[in-house]
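Please read them alongside the coordinates.

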Amino acid sequence: MSKKDLGLLILILVVGAIVALINPRFLLPINLANTSNLIGLFGILSIGQAFVIITGGIELSVGSLVALLGTLFIDFIAVREMDWPLAFVLILVLGAIIGLVHGWLITRLKLQPFVVTLCGLLIYRGVARFYTADGTAGFAFGQNFPDLEFLTAGRSWGVPNSFFALIVISIVMWVVLHRSVFGRYLYAIGKNEEAAKYSGIRTGRVVMAAYVICGVLTALSAIYFAMYTRSISPASHGQFYELYAIAAAVLGGFSLRGGEGSLVGVILGTVLLQELQNLVNLLGIPSSLNFAVMGGVILIGVLVDQQWGVFRARRRMVDAARKGAVGAAAE
Amino acid sequence: MNYTDTSIAASTPFLSLENVRKTYPGVVALDGFSMAVMPGEVIGLVGENGAGKSTLMKILGGVTTPDTGTISVDGTAHNSLTVEGSLGSGIAFVHQELNLFDNLDVAANIFFGREPLRAGPLKLVDRAKLREMVAPLLKRVGANFSADTQVADLSLAQQQMVEIAKALSIKARLVILDEPTSSLPIAETDKLLDVIKALKADGISVIFISHRLHEIERVADRVVVLRDGMLAGTLGKRDINHDQMVKLMIGRMLKEREKASEAARAPGAVALSAKAVRTPTYPGRPVDLDVRRGEILGLAGLVGSGRTELARVFFGIDACLGGTLELNGKPLALASAADAVAQGIFLVPEDRKLTGILLDLSIAQNISLPNLPAHARRSLVSASAETATAEKQKKDLGIKAPSVLTRTGTLSGGNQQKVVLGKWLAMNPKVMILDEPTRGIDIGAKAEIYGLMRALADAGVAVLMISSDMEEVIGVSDRIAVMHEGQISGILDKDQFSQENVLLLAVGKQPK
């Protein structure tokens, strides 16, 4: 764990302690379970985003995708009565295809990630609303999917299964990002795509793969979100979720220029964001201020991190100067 | 303070430094350095990388404050200069790395922030007046482009001219040129040296920093040599020669000047062969070129003659628009650099920091990057395998760094270039293309890189070296191919080597 991640962890614990002191309900099992469920859901989404951000790209369409793919999933199993494992796989494949298309537009046709995914944001939201004729997708009375519901919205030993899912995915993706050849390529491309290309890396394919990973993880989280809310009105479901994901990555030390950030960071970023949401509820802060609190904390976090960097650089120089002086005296 | 008074007698120096000392944490960058520059004098400033040249420049530019010592400008003594003071007293810089806005035109760049404005509350830029002001400046530097050309459309050499015109526009009395020719080809270098002579004739002093000593020989009135932050010596006009400068720079004589062995080499089989290859830059001009195993083929020509573009096609970065490429007699299809790398065709690119290495990665990570799967088990990177490969290259190439885990961004230019070489040498090169391999590298490292190229050739690799440095092309190559406007205008064998012949071919004429 890097020092940055450690700092974030300490911040999470300090904020948690303060909230718990003011309102002991923070530590009630039910509250912790709810919060960790949300951490699981947003965490999966944020990891996908992180893979795109590490290449220096951005994926703005994930909120709309959560709405579209969630709507489709519920429609498949509740209305079309498809077997849920089949629908599950189908949605993941759909997420992969959408990621592939984004990646292809960005790497082969050289469109800017911001533009491609902004168009995606608009298109998928529109399609989702059209698909349900601006209605709500939901389950009919008495419809039950015990296995699916256990896996997505259920709990084991009091801990939401979505949180376990996040832990498994985090471990796998940590290995991919920090230990694999592919992960090294991602960092290299994020740092300097041109130099990576001149080192013989097929940069286009690697970037495309990052968008596919983002698409698949977004699809997975879309299913979890759908099973969590159980009914979806596509006009608002998943709105601003792309910003939650980006915010988690930025809080976790990712640079939007690419090439910087760790998996632990993005998870901690997600945890902090959800803790803040919870804080707004528990401390009786008007929920209309929700976004303002989040924005404020992110701004302060980034500012402190940046200033801390400046401070450390200065201290290093002073140390070196002192050492130099001592060395000179010793000669 | 008013520095613009020019009524000072010519016998007093325009600029003089006395006992200037500057230390950084742990390093003494300048140690009691003194020098003087007379009006209209051209000083050649030489020294190896790290000798203190950059610190000296920063002090003169007012960016850094010296610890002790005095700086006198026009007879007024200062403890340190400020940026405004330096500019105001007529000290202008032309840096090695150009500081131009390439999305603006030439005129806008030259008078950036000082544009003539039209009357009225809107303060619009007076474009007519601006052109009028720019025209004579461009004429003085011998520019062959107009004031409304976008800087992005200019060659590196032309951009350099814009920088010098910018320096002239502030009525400079001392122009400091920091390695201005390191990116220029022969013909344009001559033009630049002419500009220096013109500046001198106008009574403007020049400090000319260059690693190309023969250029210093040609224009300098006096040479100041820096070594380890101290004045290693000065050479008067008559004493300026290559060997003396080198001796002062490194504190000893080089054993011998780098020369290709005179013994005739048996030419090997053709490794890389281009037949009627068309590059995207010159689609109408097919190129035929054979690079043989065991030879160093020098590729000379003016900037913009299509050498780098040809290298990009050979390396799969740019598409080959026509004709065929062959490697060892087999047809070669390159869709990307990855294809070229897989075939053993490697490129050491012109722009080291942008395309050669990743500055934020360690030496080991840079060296393993093109061959990462070989340093991995079940697609997980093995740090020990990476370190082992890098240690070997570090030792073989003599890369000077605390460890192979050091960030490459902290290394000197020469060591960075060795990392670029190391990543390819760790694989199995068949064809090695080097684009300006010694640009901005100090003399010691240069000789080592020449030695490496020769060792590669001796090991049977086909080496293609693009260079704008005439001494280098003639001294290192076994054959020289010269490009002119996208085509090979001629190939010289060893017995035909001469500066004149290369130049004639470079401008599209027949050699003698």
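1. Two strands are taken as paired if DSSP finds at least two bridges between them; strands (E, at least two residues) and helices (H or I, at least four) are DSSP runs numbered from the N terminus. This is a predicted model, in which local features need pLDDT of at least 70 and side-chain atom pairs count only at pLDDT 80 or more, while totals for chains, interfaces and linings use all residues. Residues are numbered from 1 along each chain as its sequence is written, and chains are lettered from A in the order in which they are written.

2. Strand E3 (residues 42–46) of chain B runs parallel to strand E9 (residues 222–227) of chain B, with four bridges joining them. Leu45(B) has Val224(B) as its bridge partner in E9(B).

3. Strand E7 (residues 174–178) of chain B is joined to E8(B) by five bridges and is parallel to E8(B).

4. Five of the five residues of strand E8 (residues 205–209) of chain B are buried, so this strand is largely enclosed by the rest of the structure. Buried means that 20 or more other C-beta atoms, placed from the backbone, lie within 10 Å of the residue's own.

5. The strands form an open sheet of six with mixed pairing, in the order E6-E7-E8-E3-E9-E10 (chain B). E6 and E10 of chain B stand at the edges with a single partner strand each, so one side of each lacks a neighbour in the sheet.

6. The contact between the chains takes 21 residues from chain A and 24 residues from chain B, where contact requires C-beta atoms, placed from the backbone, within 7 Å.

Note on methods: Two residues are in contact if their C-beta atoms, placed from the backbone, lie within 7 Å. A residue is buried if 20 or more other C-beta atoms lie within 10 Å of its own, exposed if 12 or fewer, and partly exposed in between; C-beta atoms are placed from the backbone.
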